[in-house]
Amino acid sequence: MLPGLQQGQEKMSKSDPSSSIFMEDKKDEVIRKIQEAYCPLKIVQGNPCLEYIKFIIFPWSNDFKVERSAANGGDKTYTSHEELIADYAEEKLHPADLKPALSKALNKILQVIAFSCLF
């Protein structure tokens, strides 16, 4: 089970809808939940955003693309969780860049799932 999105939540909780991403969440809900998620700078242990990337994004697409300005290092596509963790721990990747990329990746997955449920 994935951790909840809020600090100190060891697992997702149905009683706290803001602690999880649900298949029926709308695009804006996913963005809001990830934006509010616990994701401290340089902290890898207990970081739910990094866990979502490890257990959802990488198995789904084998990469994770972060779009950022040239001043912040430019766009980067991660092909392994280890590479992502190393950059995050060394502050080469900031939560302000990671969170929008995570929201975008999750919304892309949810869009595919919602579309395939129609058929």
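The following legends describe close-up views of a predicted model.

The model is predicted, so local features need pLDDT of at least 70 and side-chain atom pairs count only at pLDDT 80 or more, whereas totals for chains, interfaces and linings use all residues. Residues are numbered from 1 along each chain as its sequence is written, and side-chain values use heavy atoms, with hydrogens and water left out.

**Figure 1. Overall arrangement of the protein chain.**
The secondary structure of the protein chain comprises four helices and two strands, where helices (H or I, at least four residues) and strands (E, at least two) are DSSP runs numbered from the N terminus. Read from the N terminus, the order of the elements is α-α-β-β-α-α. Of the 119 residues, 39% count as buried; buried denotes under 20% relative accessible area, exposed over 50%, and partly exposed the range in between (1.4 Å probe, protein chains only). Among contacts (heavy atoms within 4.5 Å) between residues at least 6 apart in sequence, 54% join residues at least 24 apart.

**Figure 2. The largest nonpolar core and Phe64.**
A nonpolar core is a set of buried Ala, Val, Leu, Ile, Met, Phe, Trp, Tyr and Cys residues joined through side-chain atoms within 4.5 Å. The largest such core holds 26 residues, of which Phe64, Leu84, Leu98 and Leu102 touch the most other members. Two or more residues come from each of helix 1 (27–36), helix 2, strand 1, helix 3 (81–89) and helix 4. Helix 4 gives the most to this core, with seven residues. With residues up to four places away in sequence left out, Phe64 touches Ile53, Ile57, Phe58, Lys76, Thr77, Tyr78, Leu84, Leu98, Ala101, Leu102 and Ala105.

The largest pocket contains about 350 Å³ of space. On a 1 Å grid over the protein atoms alone, a pocket is an open set of points where a 1.4 Å probe fits, with protein on both sides within 12 Å along at least five of seven lines; lining residues have an atom within 4 Å of a point. Grid points are joined across faces, edges and corners, and the volume is the space filled by probe spheres set on the points. Sixteen residues line the pocket, and Lys65, Ala101, Lys104, Ala105 and Lys108 are the closest to its centre. The elements that contribute two or more residues to the lining are helix 2 (48–61), strand 1 (64–66) and helix 4 (95–117). Helix 4 gives the most, with eight residues. By residue class, the lining divides into nine nonpolar, one polar and six charged residues; Ala, Val, Leu, Ile, Met, Phe, Trp, Tyr, Cys and Pro count as nonpolar, Asp, Glu, Lys and Arg as charged, and the others, Gly among them, as polar.

Side chains of opposite charge can pair when their charged atoms come close. A salt bridge is a side-chain nitrogen of Lys or Arg within 4 Å of a carboxyl oxygen of Asp or Glu, and a search of the whole structure finds six. Arg32 pairs with Glu36, the closest N and O atoms being 3.5 Å apart. Both residues lie in helix 1, four residues apart, about one turn of the helix. Arg32 is partly exposed at 36% relative accessible area, and Glu36 is partly exposed at 46%. In a second salt bridge, the closest N and O atoms of Lys104 and Glu67 are 3.0 Å apart. This pair links distant parts of the chain, with Lys104 in helix 4 and Glu67 in the loop between strand 1 and strand 2 (76–78), 37 residues apart. Glu67 is partly exposed, with a relative accessible area of 45%.

**Figure 3. The salt-bridge network of Lys76, Glu83 and Asp87.**
Lys76, Glu83 and Asp87 are linked in a network of salt bridges. The closest N and O atoms of Asp87 and Lys76 are 2.8 Å apart. Asp87 lies in helix 3 and Lys76 in strand 2, so the pair ties together parts that are eleven residues apart in sequence. Asp87 is buried, with a relative accessible area of 8%, whereas Lys76 is partly exposed at 24%.

Most residues other than glycine have a negative phi. Lys42 has a positive phi, near 70 degrees. Lys42 is placed in the loop between helix 1 and helix 2 and is partly exposed at 42% relative accessibility. Glu91 also has a positive phi, near 65 degrees. Glu91 belongs to the loop between helix 3 and helix 4 and is partly exposed, with a relative accessible area of 42%.
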